[in-house]
Amino acid sequence: MNEYTMPILFGVIIGTLARILMLRTDYRQYPTYLHGKVIHVSLGFIAASLGSVAIPAIMELEFTAVTFLTVAATQFREVRNMERNTLTEVDSFELVPRGKTYIEGIAISFESRNYLVIFTSFITTLTFIIFNVYVALFAAICSVTVSMILMSGKTMKNIVQIDHHPLHFKGAGLYVDNIYIMNIGLPERQEEILKYGLGFVLTPNNINTITTIANLGQRQAILHDVSVTLGVFRDSGTPALTPLIKRDLDDGRIGIFILPQIRDVKKAKKVIGSVPILESAIRMPSESAFTRKT
């Protein structure tokens with residue numbers, strides 16, 4: 001054992017623990033199975049090892065050894081591709097699909113968490129070598145806290161007002177408030193929709209939100225999360241029983257039509273409010289030089 005053995009070991013342990021903390025199974029039920037968790041914990045261990053070894057390599061002036069971080073970045077990009085391909089394959093079998101935008105967001109998050117592990121191990125090992133184990137433990141707690149904050153993002157409740165509105169028909173047209181959803185001609189289907197369906201209207205807080213919730217990927221993410229959490233009253237081959245979101249072109253509001261098996265308005269509002277805002281859906285037209293007030 002040399003002077004770097006304990007710092008490296010400490011950094012690897014903290015980094016691996018950080019990855020385990022970030023690897024949680026939530027209402028989206030991903031990752032669910034043990035094999036998926038083993039893969040990601042193993043990659044987290046590799047990332048922690050890379051972050052821990054980098055500091056001793058630099059201190060020993062072995063600068064060429066640090067170039068392996070570029071190889072690691074290439075490998076972690078493959079993690080994103082793996083997640084994207086896996087979720088895309090299984091998405092076609094969902095009653096309410098995630099959508100490509102949601103899948104891309106999940107894939108990016110899995111890649112970025114490995115970089116957070118490298119950062120945590122790097123800081124932990126550095127403080128252990130320069131100071132002592134107690135300072136390193138404090139730095140580890142701070143690094144893990146920062147990683148957890150960076151991992152979390154805004155949700156729908158931060159950018160919209162969620163209101164419940166009963167479904168109603170005007171002739172064959174289904175409406176949520178005054179927002180047209182779709183055309184249902186069969187009286188039997190109309191009865192089922194009024195019996196099992198719920199309607200909500202999301203009112204944007206500003207011009208940026210109007211553009212964000214207009215994104216088709218963001219809308220599909222809302223429908224998927226609600227269907228996964230509260231269930232969905234539909235089966236394959238029943239297009240009339242398909243949850244939909246339509247937009248009011250006048251003011252940018254969106255009307256949500258869902259068919260949950262758990263018909264609880266309060267729970268549905270909480271689920272809609274907890275849907276993450278997808279990075280690729282975020283737009284900032286107010287920051288444009290053409291829309292700023294002069």
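Colleague: Which strands does helix H7 lie across, and at what angle does it run to S5?

Modeller: This is a predicted model, in which local features need pLDDT of at least 70, side-chain atom pairs count only at pLDDT 80 or more, and totals for chains, interfaces and linings use all residues. Residues are numbered from 1 along each chain as its sequence is written, and side-chain values use heavy atoms, with hydrogens and water left out. Helices (H or I, at least four residues) and strands (E, at least two) are DSSP runs numbered from the N terminus, contact means heavy atoms within 4.5 Å, and axes are lines fitted to C-alpha atoms, for helices over the stretch in contact, with angles from 0 to 180 degrees between N-to-C directions. On that basis helix H7 (residues 207–214) lies across S1, S5, S6 and strand S7 (254–258), and its angle to S5 is about 140°.

Colleague: What is the strand order in the open sheet of four strands, and why is one side of S1 and of S6 left without a neighbour?

Modeller: Two strands count as paired if DSSP finds at least two bridges between them. Strand S1 (160–164) and strand S6 (244–247) stand at the edges and have a single partner strand each, so one side of each is left without a neighbour in the sheet. The twist from one strand to the next averages 20°. The pairing is antiparallel, and the order is S1-S5-S7-S6.

Colleague: In the open sheet of three strands, which are the edge strands, and what is the bridge partner of Lys 170 in S3?

Modeller: This sheet has antiparallel pairing in the order S2-S3-S4, and its edge strands, each pairing on one side only, are strand S2 (167–170) and strand S4 (179–183). The twist averages 35° from one strand to the next, while helix H6 (residues 187–196) lies across S2, S3 and S4 at about 155° to S2. Four bridges pair S2 with strand S3 (residues 173–176) in the antiparallel sense, and in S3 the partner of Lys 170 is Gly 173.

Colleague: Is Asp 177 buried, exposed or partly exposed?

Modeller: Asp 177 lies in the loop between S3 and S4, and has a positive phi of about 60° although it is not a glycine. Most residues other than glycine have a negative phi. Buried means under 20% relative accessible area and exposed over 50%, with partly exposed in between (1.4 Å probe, protein chains only). At 28% relative accessibility, Asp 177 is therefore partly exposed.

Colleague: Where is Leu 61 placed, and is Leu 61 buried or exposed?

Modeller: Leu 61 likewise has a positive phi, near 60°. Its place is in the loop between helix H2 (34–59) and helix H3 (68–91). Because its relative accessible area is 60%, Leu 61 counts as exposed.

Colleague: What does Thr 120 touch, leaving aside its neighbours within four places in sequence?

Modeller: Thr 120 is found in helix H4, and with a relative accessible area of 0% it is buried. Its contacts are Ile 14, Ala 18, Ser 143, Val 144 and Ser 147.

Colleague: How much area do domain 1 and domain 2 bury between them?

Modeller: The protein is divided into domain 1 (4–152) and domain 2 (157–284), with bounds that come from an automatic or database domain assignment. Their C-alpha centres lie 35 Å apart, and the contact takes 10 residues from domain 1 and 20 residues from domain 2. Buried area is the accessible area (1.4 Å probe) that two parts lose on being put together, summed over both. Of the area buried here, 64% is on carbon and sulfur atoms, and the total is about 1200 Å².
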